[in-house]
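Colleague: I have some questions about the terms used for this model. Could you take me through them?

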Amino acid sequence: MTPSTTPMLEVRDLALRFGSVTAFEDLTFDVGRGELFAVIGPNGAGKTSLFNVLSRAYVPTAGSVRFDGADLLRLRVSALAGAGVARTFQNLGLFGELTVLENVLIGRHHLMRSGTLRSGLWLGYARREERRHRAAAMEALEFAGIGRHAHVPTGTLPFGIQKRVEIARALAMEPKLMLLDEPVAGMSVAEREEITALVRRLHHERDLTLLLVEHDMGMVMRIAQRVLVLDFGRIIAIGTPAEVQRDERVIRAYLGEELEPALAEAPR
Amino acid sequence: MTAFLQLLFQGVALGCIYALVALGFTVVYRASKVINFAQGSLLLVGAYLVSFLATDLNLPFVAAVVGAIALLATGGAVFQMTVLRRMLGQPVFVLVMITIGLSIVIDSSIPAIFGGNARILGDPWGASAVHVGGVTLNWVRIWTVVCTGLILALYFAFDRFSRYGLAMRATAADEEAALAVGVPVRRVYALTWAIAGGVAAVGGLFLAGFPSSVNPSLGDVALRAFPAIILGGLDSPPGAVVGGITIGIVEVMSSGYAPGWLGNDFSSVAPYVVMILVLLSRPYGLFGTRPVERV
Amino acid sequence: MSMHTSHRRRFGVTSAGLLGLAVLAIVLPFGLNAGQLTTATFVLIAAIGALGLNVLTGYTGQISLGHAFFLAVGAYTAGVLGGNDHLTALIWLPAAGVVAALCGALVGPTALRLRGLYLAIVTIGLVFIGQHIWFNVPAISGGPGGRSFPAVAFGPFDFSAGQQLTIGGLVIDHNGLYYYLALIILAAAMLFVWNLVRGRPGRAMQAVRDREIAAAIMGVDLARTKMSAFVISSFLTGVSGALYASYLSFATPGQWSVLLSVQYVAAIIVGGIGTVWGALLGSIVIFALPAVLQSLIPQSSSGGLPIDDLTSIAYGVLIIVFFVLEPHGIVGLGRRVASLWSRIGLRPGKGGGLSQEAQSIENRSEATWAG
């Protein structure tokens with residue numbers, strides 16, 4: 001098998017349990033190269049937990065994950081960025097006191113080499129490197145449409161803009177696989193549209209595989225190529241948006257959520 | 001064996017004082033996440049207040065103790081209400097700095113007012129003791145253990161069964177949620193400082209008992225109590241008690257048994273050595289809760 | 001573009017300000033009496049160590065009360081190499097930094113396991129254990145009675161008391177020489193740290209301070225980042241300690257106490273946590289204020305109270321009052337004044353770029369610093 005035909009992500013029998021609580025189990029799926037793949041499900045279905053395993057924040061109880069042909073679970077958290085995985089965070093993982101540009105530059109940390117001495121002494125190497133990466137970071141900011149906020153401390157910006165800073169930062173990491181954790185959660189209708197368009201542009205214009213976790217069915221059905229539906233930590237359907245929308249179990253899971261919101265709010 | 005029992009008794013008595021100091025720390029820390037660097041200074045004030053009331057004003061000793069507890073508890077609450085209350089919502093380290101400022105003020109006011117020389121406490125025990133099978137039990141140490149036990153029982157009963165105990169625990173768990181459901185959070189903060197002041201008065205008075213005296217360096221004991229709160233976990237009052245007594249025993253035992261190559265006065269650093277060893281295996285102490293970092 | 005010009009104007013103002021400050025710092029010794037110059041020199045020496053603490057605590061978020069230990073390590077390295085082995089200051093001064101940095105590298109791994117105040121208290125343990133060693137190993141420290149430390153001397157320069165240097169018509173005495181040496185080292189250290197925090201390693205430190213897990217996912221190696229913060233911090237602190245002991249010429253083990261550590265923490269908080277200038281500003285307040293207060297309080301008005309105690313009381317009260325009124329430290333105060341000034345000077349709409357920036361700086365100073 002040549003590398004170009006191996007899937008970008010191969011998940012096999014993956015399970016995560018906290019004591020007696022099961023976040024998810026028996027997850028097996030592939031994400032193809034260049035695919036825009038979405039994971040959906042009611043609250044508490046295990047979506048964010050899956051993301052936290054894929055970004056090595058949690059250690060799974062069982063199963064395997066191969067990324068670009070290599071064992072993802074053997075990588076240290078901080079080696080992930082270098083391997084080509086970037087992610088955004090549902091509740092923002094930005095550094096509030098740093099400016100927007102500095103936040104995006106942190107995304108390029110793994111692409112830069114200047115250490116304490118070279119930076120502290122401001123040697124030519126560090127200067128050139130900084131200039132080059134600032135330009136790349138600005139380019140990512142412009143792509144996300146927030147170039148004018150570059151020098152503003154991130155913590156002072158509205159939530160919607162901060163979500164875009166996250167996407168710009170993930171883009172600046174130059175990943176092969178980008179994990180987007182509920183990019184439109186908590187946003188107005190207009191903001192949702194803008195972010196949806198941004199994600200679609202990312203997929204069309206950049207050489208990226210996108211894995212999207214989202215609660216907003218409308219967004220997912222419009223842009224995803226394939227959708228995986230989780231309910232109570234298990235896969236109940238996988239296929240194209242059209243296939244998934246017709247699935248009996250999916251309809252029941254989402255209908256159930258509307259009828260019994262209390263149940264759907266169960267702790268994740 | 002007799003020597004061991006003797007040291008054990010002394011260790012437990014010293015540990016009780018540490019437990020009181022540590023309790024003062026954790027009560028304030030649990031509610032407001034502030035390490036009160038003035039706790040040692042409160043102890044110092046407690047010892048001087050008892051001494052002043054008992055010897056200068058010639059009050060009966062029990063009255064002097066009760067008076068000192070009441071005054072110091074009031075003082076703690078007043079400081080919280082007049083100074084710290086304005087700082088609600090400010091970063092914790094700023095509050096910590098204010099407690100450092102307070103400790104500087106107290107530590108230099110005491111010698112300015114009372115002079116730098118040692119004073120007598122005015123206690124009825126002095127060096128008197130009972131002897132049980134070769135072990136000397138000083139009355140002041142016996143009373144230390146008894147009173148500490150009493151105070152801890154009172155505190156835990158208060159924490160468990162009273163309305164304000166519940167309010168303290170609610171504030172500790174989640175300040176915003178506590179505010180939202182109508183817990184008088186501001187009063188809880190004042191209360192924690194009152195408790196810190198009250199237990200400091202008791203701790204200070206026993207600290208100044210035989211063979212020590214009332215002197216300006218008594219407050220240093222607070223720095224030695226840090227291993228106790230770390231051992232127990234910063235936010236755990238029961239942990240403070242276990243940690244305090246453990247550290248007291250470690251300190252006294254090492255003064256009796258540490259080999260000479262460890263240097264003079266090794267007992268004063270032994271608690272810190274134990275603390276570091278414990279932390280390397282349990283980073284949040286024996287009873288502390290690990291803060292959950294949300295992703 | 002207005003944004004561009006305002007940036008350039010800002011740059012011009014900054015350069016002019018820096019130049020003025022440099023001139024002031026250079027001529028200052030000629031306007032001070034011997035006592036004041038001594039205080040100023042101690043402030044500069046302390047600021048080097050405070051800057052080190054700000055790298056570790058202010059920028060990386062690792063609260064340390066172990067500063068006294070690293071100061072002592074630097075001091076005793078100077079004492080052993082310069083005093084016992086009679087090596088030149090060109091060796092013992094950098095060596096003091098290196099040995100302290102090595103100790104920092106040994107302590108660093110603990111910080112990987114401990115967070116926040118737990119780390120703070122473990123580093124207090126370091127001070128106690130350090131003091132125990134100083135008291136018990138006379139070969140290093142001279143034992144409880146203390147030891148003398150070598151004066152800085154290299155080439156034609158001799159900084160010993162009583163020596164002086166004449167350049168043209170200007171006479172620089174022992175105090176002045178230490179003042180200028182400390183000034184040069186401090187300026188170099190500030191420049192180094194300034195570059196650092198605006199570059200890749202400094203960004204990583206701040207990311208670790210704000211959100212550890214997110215930083216790791218961005219590819220920041222937590223262990224490495226904390227470790228280098230410890231190493232840089234201890235290096236600067238070691239150099240500061242060596243200079244301090246050398247200028248004092250004599251020190252006892254009792255001096256390297258937790259109280260000294262607390263003063264350094266106070267200095268960076270007063271000055272402004274996580275800022276380069278904060279270290280100097282805070283050192284001025286914390287290390288010069290007692291001397292200033294002492295000279296302000298007339299002997300006659302002390303009402304029979306010891307003047308030392310009265311000074312300390314005033315000092316403590318000032319710390320409390322200062323933080324109640326200005327929780328963001330002197331840098332916060334400065335920013336507030338600057339933003340007020342720029343808001344009056346430039347109405348919104350006219351100089352949008354600048355006022356927006358001023359606004360954001362204002363907000364930045366209000367963002368809390370997570371311990």
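Colleague: What do β4(C) and β5(C) form, and how many residues lie between them?

Modeller: β4(C) and β5(C) form a hairpin with 2 residues between them. In the turn, G168(C) has a positive phi of about 60 degrees. One caution: this is a predicted model, where local features need pLDDT of at least 70, side-chain atom pairs count only at pLDDT 80 or more, and totals for chains, interfaces and linings use all residues. Residues are numbered from 1 along each chain as its sequence is written, chains are lettered from A and ligands numbered from 1 in the order in which they are written, and side-chain values use heavy atoms, with hydrogens and water left out.

Colleague: How do you know that β4 (residues 164–167) and β5 (residues 170–173) of chain C are joined?

Modeller: Two strands pair if DSSP finds at least two bridges between them. Here 4 bridges join β4(C) to β5(C), so they pair. The two run antiparallel. T166(C), for example, has V171(C) as its bridge partner. Strands themselves are DSSP runs of E, at least two residues long; helices are runs of H or I, at least four; both are numbered from the N terminus.

Colleague: What makes β2 and β5 of chain A edge strands?

Modeller: The open sheet has 4 strands in the order β2-β1-β4-β5 (chain A), with antiparallel pairing. β2 (21–31) and β5 (70–71) of chain A each have a single partner strand, so one side of each is left without a neighbour in the sheet.

Colleague: Why are α6(A) and α7(A) called roughly parallel?

Modeller: α6 (residues 159–172) and α7 (residues 189–205) of chain A pack at about 5 degrees, with axes 11 Å apart. Axes are lines fitted to C-alpha atoms, for helices over the stretch in contact, and angles run from 0 to 180 degrees between N-to-C directions. Angles under 35 degrees count as roughly parallel, over 145 as roughly antiparallel, 65 to 115 as roughly perpendicular and the rest as oblique. That makes α6(A) roughly parallel to α7(A).

Colleague: Why does C16(B) count as buried?

Modeller: Buried means under 20% relative accessible area, exposed over 50%, partly exposed in between (1.4 Å probe, protein chains only). C16(B) is at 4% relative accessibility, so C16(B) counts as buried.

Colleague: How many disulfides are there over all chains?

Modeller: A disulfide is a pair of cysteine sulfur atoms within 2.5 Å. The count comes to 0. For C16(B), the nearest cysteine sulfur is that of C147(B), 9.9 Å away, and C16(B) is in no disulfide.
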